[in-house]
Amino acid sequence: MQGRRAWLTVIGIGEDGYAGLGREARRALFAATVVTGGARHLAMLPSRVQARREPWPQPFSVEPLLALRGKREPVCVLASGDPMFYGVGATLARQLPVDELCVLPAPSSLSLAAARLGWALQDTAAVSLVGRPLDALRRHLFARSRVLALSADGRTPQDIAALLVEQGFGATRLIVFEHLGGAQERRIDGRADAWHDGTIVEEVAALNLVAFECIAADGADFNPARPWTLTPGLPDDAYRHDGQLTKRDVRALTLARLAPTPGALLWDVGAGSGSIGIEWMRAHAACRAIAIESNGERQRFIEHNRDALGVPALQLVAGRAPDALAGLAAPDAVFIGGGVTAPGVLETCWERLAPGGRLVANAVTVQSEAALVAWRAQHGGTLTRIGIGEAQPLGRFDTWRQALPVTLFEAIKP
């Protein structure tokens with residue numbers, strides 16, 4: 001029923017081209033007046049498909065396609081594999097009502113790779129590096145993790161190998177698939193360290209996928225060089241900082257109060273080294289965060305830390321709250337690590353916070369604590385005093401060294 005109402009049909013096509021298309025996809029192509037797609041995909045169509053062929057514009061844009069809406073003419077789009085996985089189908093679905101769009105997927109390269117390897121897709125991380133930084137892989141690198149990475153080009157396998165060696169996973173076996181599902185399909189196997197040092201010298205096709213299961217360089221199950229877990233509270237030395245850092249145990253408690261959920265947006269106000277926003281985004285691949293920081297050196301720390309810890313999509317806003325908050329997307333949660341005493345910061349954050357959102361702020365000075373006490377009196381919420389002590393040497397014995405107490409404020413906006 002959806003296909004009969006839709007003016008636009010998005011057809012997934014594999015490396016086997018037109019021969020691999022089903023009856024419904026072929027019927028849509030013969031009925032179409034326009035077919036849009038990449039030049040490679042358009043060239044796969046036989047001449048008996050009479051529709052006008054329009055390659056995607058460069059730079060890529062769906063606007064010319066959307067301009068055909070309302071002309072009551074059937075239009076088709078050709079896309080690689082499953083168009084709803086990092087594909088144009090997902091882009092169009094965000095801009096069109098579902099009843100105007102019919103998607104006919106083909107097996108994705110990820111599905112084909114998993115089938116070749118005998119890997120369960122639900123247990124495998126899938127990452128696209130097409131138009132995305134290589135650092136996005138870092139959050140998936142831990143012992144025994146399985147990853148399928150869509151390559152940006154023919155150099156991507158070598159770049160992945162270099163990253164694995166840098167992270168202590170040089171013994172990992174890389175499996176590179178070219179042209180999956182087509183007549184030119186090829187598989188190349190080799191250890192990451194062999195790719196990296198030039199022992200493996202292969203020219204890799206631009207259309208490729210890289211599969212690997214992380215193995216530490218010495219074959220151990222655990223890689224001591226990078227013990228970064230997926231839970232909040234990474235070691236403090238995971239970050240570059242100048243001391244302006246929410247410490248590990250307080251950070252874990254703070255993130256528990258912020259309660260990240262998939263797709264939610266966090267403002268990290270007075271971000272320092274960026275640790276709260278970074279660990280918010282590490283909680284789930286769909287979590288989003290904006291770090292607001294006025295200090296130039298700390299901005300550089302944030303840029304380094306977000307890449308090193310695998311969340312390069314963390315947005316950095318250089319400026320001081322509340323002025324720097326103007327124009328930002330409304331947050332689902334706000335953390336104020338510095339600046340609660342600055343005029344207008346609490347007020348602006350609370351005003352912009354989405355209903356049901358959480359505001360969490362930490363205070364270590366008497367003045368900042370007083371500001372939170374006054375704010376709680378007006379708006380409600382909870383105050384929690386956090387006191388942490390660490391056993392340290394005192395002569396031949398040990399004693400407790402107390403860190404500065406932290407007052408944690410949490411409120412949920414009605």
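Here are some questions and answers about the predicted model shown above.

User: How high is the mean pLDDT of the protein chain?
Analyst: This is a predicted model, in which local features need pLDDT of at least 70, side-chain atom pairs count only at pLDDT 80 or more, and totals for chains, interfaces and linings use all residues. Residues are numbered from 1 along each chain as its sequence is written, and side-chain values use heavy atoms, with hydrogens and water left out. pLDDT is the predictor's confidence in each residue, from 0 to 100. Here 96% of the residues reach 70 or more, and the mean is 93.

User: Which three residues supply 74% of the area that domain 1 buries against domain 2?
Analyst: An automatic or database domain assignment gives domain 1 (8–107), domain 2 (110–214) and domain 3 (236–413). The contact takes six residues from domain 1 and 12 residues from domain 2. Buried area is the accessible area (1.4 Å probe) that two parts lose on being put together, summed over both, and for this pair it is about 670 Å². The three residues asked for are Glu15, Phe85 and Tyr86.

User: Which residues are closest to the centre of the largest cavity?
Analyst: On a 1 Å grid over the protein atoms alone, a cavity is a set of points where a 1.4 Å probe fits but cannot get out, and lining residues have an atom within 4 Å of a point. Of the 12 lining residues, the closest to the centre are Arg138, Leu141, Gln167, Trp228 and Arg282.

User: Which residues lie nearest the centre of the second largest pocket?
Analyst: A pocket is an open set of points with protein on both sides within 12 Å along at least five of seven lines. The second largest pocket holds about 740 Å³ of space. Its lining has 35 residues, and those nearest the centre are Leu245, Thr246, Lys247, Val364 and Val406.

Definitions and conventions
Points joined across faces, edges and corners; volume = space filled by probe spheres on them. Contact = heavy atoms within 4.5 Å.
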